[in-house]
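Work through the exercises below with the structure in view. Try each task before reading its solution.

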Amino acid sequence: MGFPAALQEFQAAFPDEQACWEALRRARWPKGFVCPRCGHAVSSWIATRRLEQCCRCRYQCSVTAGTVFHRTRVPLLTWFWAIFFVARHTKGISALQLQRDTGLGSYRTAWTMLHRLRSALRYRPEARLAGLVEVDETYVGGHERGRRGGREVLHKSIVAVAVEQRAHSAGRARLSVLKGVRFEQDLSPFIRAGIDLRRATVRTDGFAAYLALPAQGIRHDRKVQGSDRAHSSKILPWSHTLFGNLKTWLRGTFHGVSAKHLSRYLDEFAYRFDRRWREGELFGFVLKRAANAQPLPYHRLVAETAA
């Protein structure tokens, strides 16, 4: 599949619903149809209902069923426009802007579509970080009065980062919302889920909670910041760069986000960061992720609680 890089290319590649339907089918079943129920690879096409019918078990399946497009009432062409805007705008797109650009009837519809797409962008658990990996935490949210400093938090969200430190650039990154900065409950699960224990060395600042890393079988390179706060950006340069870019992105594109849904914004940010050298291919990447992700209905979205 080609990757449209400009509006004219997109319009030529996807002029109508049928073109989008065929592209989605290729993205979901690149080697041909596979029955979700029995795994059989031969189907018949029911054109009047746009359904695949398995030739073995007779199960009927839509190409959108079981994906982020599950039971959507929005035309696929509008979904493809949303994917195009997400992929081509390096700073992302807000729900209000998507509503304006696509002519959607409601803000809620645009907001739900974008969150469904973000839900497909979470990093794959098997893709673990290796080499020298910086780990740090920051706070995301507005100014809080009454906070005593340090790692105390009132209403802000705690965000942790793990990013590969390479010779002249950063490698891949992982971001997550934490409930606190306790080692056993918060920091250790985040680190262990994100790194390759055999091939990674974790570099942190002097925060005492990280002293327990070696006991967990994790190689630890601890660098104490000292009294000079500016020294922290030399110890963990890419962590500080990511945090600065993240906060600018959240304020600039979305004008702030709720703690309840912050985790998916982090997934989108990390997904873009990991593929920053392949921006021209993002449309195909996001489409394939959306075609293979689990449904996220609106009632589940609004029922979520903050981390």
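**Exercise 1.** Which residues have the most contacts inside the largest nonpolar core?

Solution. The model is a predicted one. Its largest nonpolar core has 67 residues, and Phe80 and Phe283 have the most contacts inside it. Helix H3 (residues 76-88) gives the most to this core, with 10 residues. Leaving aside residues up to four places away in sequence, Phe283 touches Pro4, Phe10, Phe14, Phe80, Ile83, Phe84 and Ala87. A second, separate core has 21 residues, among them Leu129 and Ile191.

**Exercise 2.** Find the buried residues of helix H4 (residues 95-102) and state why they are on the same side of H4.

Solution. The buried residues of H4 are Ala95, Leu98 and Gln99. They cover an arc of only 100° around the axis, which puts them on the same side of H4. In general, an α-helix has 3.6 residues a turn, so residues three or four places apart point the same way. The buried residues of H4 pack against H3 and helix H5 (107-119).

**Exercise 3.** Classify the ring pair of Phe10 and Phe84, and say which helices hold the two residues.

Solution. The structure holds 17 aromatic pairs. In this one the ring centres of Phe10 and Phe84 are 5.0 Å apart and the planes are at 45°. Phe10 lies in helix H1 (residues 7-13) and Phe84 in helix H3, so the pair ties together parts that are 74 residues apart in sequence. Phe10 is buried, with a relative accessible area of 0%; Phe84 is buried too, at 4%.

Methods: Residues are numbered from 1 along each chain as its sequence is written. This is a predicted model: local features need pLDDT of at least 70, side-chain atom pairs count only at pLDDT 80 or more; totals for chains, interfaces and linings use all residues. Side-chain values use heavy atoms; hydrogens and water are left out. A nonpolar core is a set of buried Ala, Val, Leu, Ile, Met, Phe, Trp, Tyr and Cys residues joined through side-chain atoms within 4.5 Å. Buried means under 20% relative accessible area, exposed over 50%, partly exposed in between (1.4 Å probe, protein chains only). Helices (H or I, at least four residues) and strands (E, at least two) are DSSP runs, numbered from the N terminus. Contact means heavy atoms within 4.5 Å. The arc is that of the directions from the helix axis to the C-beta atoms. Rings of Phe, Tyr and Trp (its six-membered ring) pair if their centres lie within 6.5 Å; planes under 30 degrees apart count as stacked, over 60 as edge-to-face and the rest as tilted.
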